[in-house]
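Here is a briefing on a predicted model.

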Amino acid sequence: MKKIILLIISIFITAPLCVCQTSKKELPTSFLYNLSTRVEQYNLNAQLTRVGNETRTEVIEGDTLDFSDPIIGELFSVYINKNNTGTWTAMDNGDSIWQLQINSTAGNYMMLLFDNFYIPRGAKLFVYATDKSQTYGPFTDENNYPSRKFSIAPLKTNSLIIEYYKPFYVREQAALNIRSVGLIGNSLEQKSYDGFGTSDPCMINAMCPEYADWCNQRRSVALQIMVFPNSDSTARRASGSLLTNEKRDGKPFLLTAFHCLDRNNDGEIDQSEKDDLEYWVFVFNYQSPNCSNPIIEPSYEYFISGAVFLRGRSYYPQSPYKTGSDYALLQLKRKPPKNYNVYYNGWSNDADDITETGVGIHHPQRDIKKIAVWEKIASANIAWRGRFTEGGIQEGSSGSPLFNSSGYVMGQLMSGNVFNACGKKSRGTYGRFDKSWHNYGLHYELNPSGTNSGGNGVNLISMSGDETCKQNWHFNNCDDLHTSANVGVVLTPSIRQYDGVYNAKDFITAKNTTIQSGTKVVFEAGNKIVLKPGFHAKAGSTFIAKIDDCELGCYNGKGRSEDEPKMVFSNSDSEIIKTNVNNINAIGNDAVIRELTIYPNPNNGTFSIKLSNKNSEFVKITITDIGGTIIYNTDTFTERVQLSNPPAGIYIISLIFKDKVLTSKFAVL
C-alpha cells in the first residue's frame, strides 16, 4: 500500500448562533462565562438636528429630474479606545475581556466608525445591544484592512456594548479607536420618517412568489448605509448591486449612482469623498422572509464594511465631464462570505438588449428589499426612461439596478418622481449601462483583458451572472488558483476566484494543480475534497482544506450530506507536499478531518464526543440552546454526555481549550 500524504492546515467547525460580519458565528465570550462585571459607561449626549429630506432638481436633456439625498442620521465625533476607557476583566485561565457600554440620547439606531481597527489573530471583537437582543461578531483578523478603517452596521438600540476578547496566548496588541458614533433615525419612541416599514404601500416585497424568477438578481442588491465623516458628518442611504466581470474572478464589484458619492455636487469624487467610502456599510439580505411585511425588522447581519471608488461619471451638465450616465463602480473591501449567499449579476453593453419591460430591485426609504415592474417609454442619450406598472421607487432607491427581461443589468437608477411613488405617473430614469461602458470607462474594470473594450457600439457583449457557491469544482492543469494568472484548464464551472477561496456544495477535485509559493488557496466543500495526482502546494504557500457547507442558489438552504465528510487523497499520488506547516501522514484512502464530531446526531439528549486530537489543555464543556441559554456546563472532560430531558430543538456544544474553542451543532428529537 502506498503512503498517502494528508495535509490538514486549518479546520474550523462552527455553528450559526447570532448575527455577525463573517461566516463564523458565536456568542460573545462574556455570555459563555456568565460574566457579571459592572461595565464602564460612555454617555453620548447628542441631538439630531439635520434628519430629513434633501431634494434637488436638475434639467437633463430637456427632462426635469428629481434627485433625492435624504439625511437619515448624523455622526458624532468621539475619542474612545481600549486604552483610555472601558473595563478590563481578568479570567482565571489567563484570558482577558475589555468591555465598554455606549449610551445615546437620540436616534433609533447606533453604529460605530473606527479609524484605527486591528484585531490580532486569535482575538475576537463583539458588539451587541446592552439587553443582548442583537449581536454582531466575532470580528477577527479576517476583518483587518490595510487602511485600518472599519464600521459596524447599525444596531436598533440606544445602548450597546463593545467587547474585546483576548486569549492568554495572544501577545500582539489590538487597535480599537472609535472616531464617530452614528445615530440614525429620530428616537425609539418616535417612529422615524425613514426606515423599516416606512416605504409607500404600493411597494412590493422582492420575496413575493410571483417574482420568483428574479431570485438570483435580488440576491445581488445591497442597502447602502452611506456615512460621510470627512465631508458633512451625515448618514444617508441608497442601493447598489454586485456585478460579475469578464474574467469571472470573483472581485466584488458594486454598481451604484455617482450622485450618491458626490457630496459637494461638483461632478468629481475628491479624496475626502474617497476616504468616506472606507466607512460605508453594504447590507445584503435585508428583506422579508416571504411576501408579507414582517412585524419584526430583519437583521443587518449580512454586512460588508468599506469600499474603494474605481470609476464613474457624473450627470451634471455643468461638470467638467459635461453630461454622463450617473454611474459609480465600487469594489467592496472584502468579498461577501459564503453564508451571505449573494449573486454577481450579469449585464449587457448592447443598447439593443434593452427590452420593453423589466424590473428594478431596490431599498426605498431604507426599507426592506422591494421590486418594481418597469415599462420602457423612451431612451435618451444617457438614460433609459420608463413608467412603473407595478410598485415604484422612492428616496433610497438611487443606484439600484434595472434588469431587462433576460435578467441582465442595463443601468442604475438616477432619479424619478419619488414623491409620487404610487401614482399613475410613477416613473424612473436609469443611467444607461451601454453608455457607461462605451463612453465613460466602465469597461476598464469589467473587461480587464481589453478584448471587449469601448468603441461606441462595437465589441458588444452580454455576460451571464455568477454564483459564489458551486455544486462542484473540478480543476485540471491549473498553475495559479490565487491570482487567476496562468491558469490552464478549469473545468466546469469555468470561474476563478480572485482571493483564492473556492466553495462547493458537494465536492472539489484537483489534478495537476499547483498552489504557488506566496499565495493562499482555500478549498471548502460540503462533502469531500479529492486531490489527485499532480496536485502540489509549493513551499511557502498556504493551502487550507475545509469541510464546510455553503448555500447554493435561491432555494437551497444549509445542510450537510448524511455521509461523514471526508478528505480523500488519491492512492496513486505519492508526492510530498511541502508547506509552511507540518504534514500529517495517513494510511488508506479516506481521512476524516473534523476536529469535533457529535454522534449520533440527531439524538435524544445522550451522545458521544469524538475529537481528532486533544493536545491542547482542556478548560470546560458548555452546551447552550439556540437562544444562548446555558443548559450544561462542566470543567471535566467526558466523551459521553447525558442531558436531562432536553426539549426537542437545536443545541450548540462548545469545547473550550486554552488555545481554541471547538463548537458543533446537534439536534434533539
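Strand β34 (residues 501-515) pairs with strand β36 (residues 528-531) in the parallel sense, over 4 bridges. Within this pairing, Ala 510 has Leu 531 of β36 as its bridge partner.

**Strand pairing around β34**

- β34 also pairs with β32, in the parallel sense and over 8 bridges.
- In that pairing, Phe 475 stands opposite Ala 510 of β34.
- Strand β35 (residues 520-525) is another parallel partner of β34, with 4 bridges.
- Here the bridge partner of Ala 504 is Ala 525 in β35.
- Strand β37 (residues 536-537) runs parallel to β34 and is joined to it by 2 bridges.
- Thr 514 stands opposite His 536 of β37.

**Disulfides**

- The whole structure holds 3 disulfides.
- Cys 469 and Cys 550 form one of them, with sulfur atoms 2.1 Å apart.
- The S-S torsion of Cys 469 and Cys 550 is about 55 degrees, so this disulfide is right-handed.
- Cys 469 lies in strand β32 (residues 469-478), while Cys 550 lies in the loop between β38 and β39; the two are 81 residues apart.
- Cys 469 counts as buried because its relative accessibility is 1%, under the 20% cut-off.
- Cys 550 is buried as well, at 2% relative accessibility.
- Cys 215 is joined to Cys 554 by a disulfide, S to S 1.9 Å.
- The link of Cys 215 and Cys 554 is left-handed, with -125 degrees about the S-S bond.
- Cys 215 is buried at 3% relative accessibility, whereas Cys 554 is partly exposed at 26%.
- Cys 208 and Cys 291 also form a disulfide, their sulfur atoms 1.9 Å apart.
- The torsion about the S-S bond of Cys 208 and Cys 291 is about 80 degrees, so the disulfide is right-handed.
- Cys 208 sits in the loop between β14 (204-205) and α2 (215-218). Cys 291 sits in the loop between β18 (281-284) and β19 (303-305), and the two cysteines are 83 residues apart.
- Cys 208 is buried, with a relative accessible area of 3%. Cys 291 is partly exposed, at 34%.

**Other buried cysteines**

- Cys 260 counts as buried, at 1% relative accessibility.
- Cys 478 is buried too, with a relative accessible area of 0%.

**Nonpolar cores**

- The largest nonpolar core has 74 residues; Leu 112, Phe 114 and Phe 284 touch the most other members.
- Strand β8 (residues 109-118) gives the most to this core, with 7 residues.
- A second, separate core has 29 residues, including Tyr 211, Leu 329, Val 359 and Trp 437.
- Beyond residues up to four places away in sequence, Leu 112 touches residues including Ile 102, Val 127, Phe 150, Leu 160, Ile 178 and Val 181.
- Its contacts also include two serines, Ser 151 and Ser 180.

**Aromatic rings and charges**

- A search of the whole structure gives 30 aromatic pairs.
- One aromatic cluster is formed by Phe 114, Phe 117, Tyr 136, Phe 139, Tyr 145, Phe 150 and Phe 303.
- Phe 114 belongs to this cluster and is also among the residues that touch the most other members of the largest core.
- Phe 150, another member of the cluster, is touched by Leu 112.
- The charged end of Lys 132 sits over the ring of Phe 31, 4.4 Å from its centre.
- Over the ring of Phe 228 sits the charged end of Arg 263, 5.0 Å from the ring centre.

**Helix α1**

- Thr 29 lies in helix α1 (residues 29-32).
- Thr 29 counts as buried, at 6% relative accessibility.
- Leaving aside neighbours within four places in sequence, Thr 29 is in contact with Ile 97, Phe 126, Glu 163 and Tyr 165.

Terms used. Residues numbered from 1 in each chain as written. Predicted model: local features only at pLDDT ≥ 70, side-chain atom pairs only at ≥ 80, totals over all residues. Heavy atoms only, no water. Phe/Tyr/Trp six-rings, centres within 6.5 Å; stacked < 30°, edge-to-face > 60°. Lys NZ or Arg CZ within 6 Å of the ring centre and 35° of its normal. Core = buried A, V, L, I, M, F, W, Y, C linked by side-chain atoms within 4.5 Å. Buried < 20%, exposed > 50% of the residue type's maximum accessible area, 1.4 Å probe, protein only. Contact = heavy atoms within 4.5 Å. Disulfide = S-S within 2.5 Å. Pairing = 2+ DSSP bridges.
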